[in-house]
Amino acid sequence: MEVQTRDRSSTFVEMDKLAADKNKYWQIDFLKVFCMVLVIMDHSFTHDSLRKLASPLWQRVAIPLFMIIIGFNWAKSMEKRKDEPLYRLYSWKNYFKKKLVRFALPFGIIYGLSLLLYIGMLFIPDSLLKDVGNYGEPILKVILFLPVWGPGNWFIPTLFLTIFIFPVIFWAFNKQPVLALAGCFILEILYHVFVYGIIVDYIELHPEWNIGVIYTFLICTPFVLLSAIGLGVWLSQDHKYDSPRNIIIYVLGIISLLYLVYYTWDGTPLNQIYLNRVIGIINGDYNFMVYPWSALIVLVALNVLPKEPYGKIYRNVSKISDSTYHILMVQIFYFSIVYNLFLPMFGNYPIWASLRTEFYWAHYLWYYPFNLVFTFAVGTIWHTLEKELLWDRKKRFTKNRIEFLKVKGFIK
């Protein structure tokens, strides 16, 4: 009697088919990987060069997408607790512990490496660490800026502050979703008025104050991204394309797209033309006029892309998606070395005169792919090792998947 054995790959395919994780959205995994590709691009090219390719429409959506995804994912993870009172949502065991372990440990490792880099740079003659603008200010360490600044560092204090305010946002959406979404927009607009229309103008009257440091403190918060978080929570409650409640996503998304088209091809931020002297609430690439376009992208992706596909390629996308925070940590530290010691492309000239040349487009043909492969590889390996060393393997599977594996004889 001939005995046939099943190869390993087909076993994984069957597991994915019959025991898919119902709480996972592969569409979100894909978007997270896509966003990380755009983040590495943002830090590998100059903003001027990307602007020539209409970057506000497709590349600068990375952070808005990330914040919408955070709202979506965190709300989904707390869905079973939606009937709990607000004070119980602020649970150490069921909320803070998981979030802090997830985010604080990798950041602590990168902070330690950055500290070693800082000490090493003190022994380099004419170290550029003294010429990195406001990012070198010691007071910025209070909001978790690394000893040696790297691009994307501002997102860290924003993320940790989001942890503290998110239960309130989640609770509000479960009580009155329409009012909660409107409240997110209103609070963000008021914060923009406070920062750009009051504080900045006032500080400009006092040249003895360090406006750059104060401004950095004020913008490294989730309050400039509040409507993006709210849009993510809104979609977590119902992301069907034909749901009447999502008409608001279509309407705001189209308005946002029109604004971005104008902003992109006019070449001048709208606030500098009309609003700066009036209310000063639309500033830069990250504001309430931009986020609905990203929300529309998420809505379309959730309804067009498959939720539970199976196969090696899809599995690998999910694996990289789970590692995006570690990839972000790697790229912040990696670029802190590259920016401060090697490349002049962002205004900080290199230590070695032989490298003081313009970074032409031809260099990007190898530079960006190398950055992408390096940061993705190191971040994914780091996350995988962390899971193996710190997590119980069985916890990586849902109860349904464990039962399936038992039935098939893979585990006892």
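Which crossing, right-handed or left-handed, does H5 make as it passes H8?

Modeller: H5 passes H8 in a right-handed crossing (the near helix is turned clockwise from the far one by less than a right angle; anticlockwise is left-handed). This is a predicted model, in which local features need pLDDT of at least 70 and side-chain atom pairs pLDDT 80 or more, whereas totals for chains, interfaces and linings use all residues. Residues are numbered from 1 along each chain, and side-chain values use heavy atoms, without hydrogens and water.

Helix H5 covers residues 62-77 and helix H8 residues 155-175 (helices are DSSP runs of H or I, at least four residues). Their axes lie 11 Å apart at an angle of about 40 degrees (lines fitted to C-alpha atoms over the stretch in contact, angles from 0 to 180 degrees between N-to-C directions). That makes H5 oblique to H8 (under 35 degrees is roughly parallel, over 145 roughly antiparallel, 65 to 115 roughly perpendicular, the rest oblique).

From H5, Ile63, Met67, Ile70, Gly71, Trp74 and Ala75 meet residues of H8 including Phe155, Leu159, Ile163 and Phe166 (contact is heavy atoms within 4.5 Å). This contact has 10 nonpolar, three polar and no charged residues (Ala, Val, Leu, Ile, Met, Phe, Trp, Tyr, Cys and Pro are nonpolar; Asp, Glu, Lys and Arg charged; others polar). Among the residues that Phe166 touches are Gly71, Trp74 and Ala75.

H5 also meets helix H2, residues 26-44, whose axis comes within 9 Å and crosses at roughly 150 degrees. H2 and H5 are therefore roughly antiparallel, and H2 passes H5 in a left-handed crossing.

Technical notes
Helices (H or I, at least four residues) and strands (E, at least two) are DSSP runs, numbered from the N terminus. Lists of a residue's contacts leave out its neighbours within four places in sequence.
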